Amino acid sequence: MAAPGENLKINSARLWDSLMEMALIGPGIAGGCNRQTLTDADSEGRHLFQRWCQAAGMTMGVDSMGNMFATRPGTDPDALPVYMGSHLDTQPTGGKYDGVLGVLGALEAVRTMNDLGIRTRHPVAIVNWTNEEGARFAPAMLASGVFAGIHTEDYAKARRDLDGKVFGEELARIGWVGEEKVGARKMHAYFELHIEQGPILEAEGKDIGVVTHCQGLWWLEFTLTGREAHTGSTPMNLRVNAGLAMARIFEMVQAVAMENQPNAVGGVGQVTFAPNSRNVLPGKVVFTVDIRTVDQAKLDRMRAKIEAEAAAICEALGVGCAVEAVGHFDPVTFTPDLVTKVRSAAEKLGYSHMDIVSGAGHDACWTARVAPTTMIMCPCVGGLSHNEAETIFPEWAAAGADVLLHAVLDTAEVIA
């Protein structure tokens with residue numbers, strides 16, 4: 001068979017129907033999803049995905065971290081599979097498309113291959129990675145990190161959520177501990193389709209983001225220790241105020257990020273106060289600083305300065321300060337040959353496109369350590385993500401899946 005032409009496209013309505021059906025599992029309270037990892041809703045979503053894959057003639061394998069691998073056979077039993085995928089877990093107040101588009105867009109690509117009787121030399125596989133979000137069990141991209149040798153399985157399975165529940169025990173509870181050894185699978189290539197989670201593609205009027213790099217990241221968890229005291233009767237000069245130290249660190253993180261422009265970001269998204277009473281100064285504050293940039297040297301400088309200045313702020317206030325790195329990956333350069341295949345697919349299909357750097361972390365950041373890897377992005381309305389109001393349009397989803405299909409077929413080698 002000749003290389004598939006520009007008329008080969010996925011079934012857009014079928015893809016959209018699948019996205020909407022998955023969104024019914026673990027619904028949020030404002031139109032999005034709450035399908036956090038290793039919950040009953042996560043298990044239900046996994047079962048639905050498994051049924052769909054089996055109906056598409058794929059075989060399902062699961063490793064001991066719960067990563068799911070559905071495989072469509074190729075004509076060469078010795079050829080390594082071409083993988084595509086993402087994740088089905090969501091934030092507590094997540095959208096319907098973050099991660100899910102990459103899994104179900106991959107499934108739609110396989111369904112289209114089946115519809116048209118397309119055969120490939122390489123097998124084609126879909127993966128659903130466990131705990132990409134990191135919302136319940138930090139760090140993010142946990143199971144793909146074990147797959148790539150970044151984390152040990154013992155470390156991952158010992159992670160606890162805010163209620164003290166243990167990752168390994170929860171994985172067993174929902175029934176998704178597989179028999180495969182993590183990382184035993186070898187990949188010919190890995191493609192990940194994802195919504196941008198930022199405003200650039202929509203603002204530029206582009207259908208497709210050709211992802212060339214992914215920003216590096218540090219998550220720095222600070223634990224500040226002050227002295228609980230009555231907010232009304234404790235004189236200002238006698239306070240050991242962990243909350244005040246936190247506020248000054250927040251301002252400092254903003255300043256460090258601004259000093260390192262362009263292409264650097266920093267902020268705080270999670271804070272816990274103890275005892276969290278309106279008339280008690282906090283004795284303990286825990287929060288996570290998130291810093292990102294595509295420049296390795298800049299990333300290292302930002303971390304060093306934030307840690308040093310936080311220590312100085314706390315010392316001046318008499319507040320204890322401890323910091324732990326709870327998430328990290330270096331900046332990633334995706335495989336140039338695969339990036340070219342994505343760009344060529346977009347051009348052949350007539351989709352407008354631009355090169356883009358991923359601002360968010362993805363499982364592809366870890367697979368890039370062990371296999372040729374790249375990503376494809378489609379716009380999302382207003383750049384909004386990790387929010388129940390996250391929105392994309394069916395034509396955006398279809399364009400991304402079309403490009404995924406063509407790039408994968410180019411890589412998997414269509415057989416006449």
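So, secondary structure: this protein has 12 helices and 17 strands, taken as DSSP runs numbered from the N terminus, with at least four residues of H or I for a helix and at least two of E for a strand. Its radius of gyration is 23 Å against 22 Å from the globule rule for 416 residues, so the protein is as compact as a globular protein of that length. That radius runs over C-alpha atoms, and the rule is 2.2 Å times the number of residues to the power 0.38.

A quick word on the model, friends: it is predicted, with pLDDT of at least 70 needed for local features and 80 or more for side-chain atom pairs, while totals for chains, interfaces and linings use all residues. Numbering starts from 1 along each chain as its sequence is written, and side-chain values use heavy atoms, leaving out hydrogens and water.

Back to the fold. The C-alpha trace spans about 80 × 45 × 40 Å along its principal axes. Of the contacts (heavy atoms within 4.5 Å) with a separation of 6 or more, 80% join residues 24 or more positions apart.

What share of the residues is buried? It is 56% of the 416, where buried means under 20% relative accessible area, with a 1.4 Å probe and protein chains only.

Now please find helix H3, residues 100-116. H3 is mostly covered, with 14 of its 17 residues buried. Just after H3 comes Gly117, with a positive phi of about 65°.

Note on methods. Buried means under 20% relative accessible area, exposed over 50%, partly exposed in between (1.4 Å probe, protein chains only).
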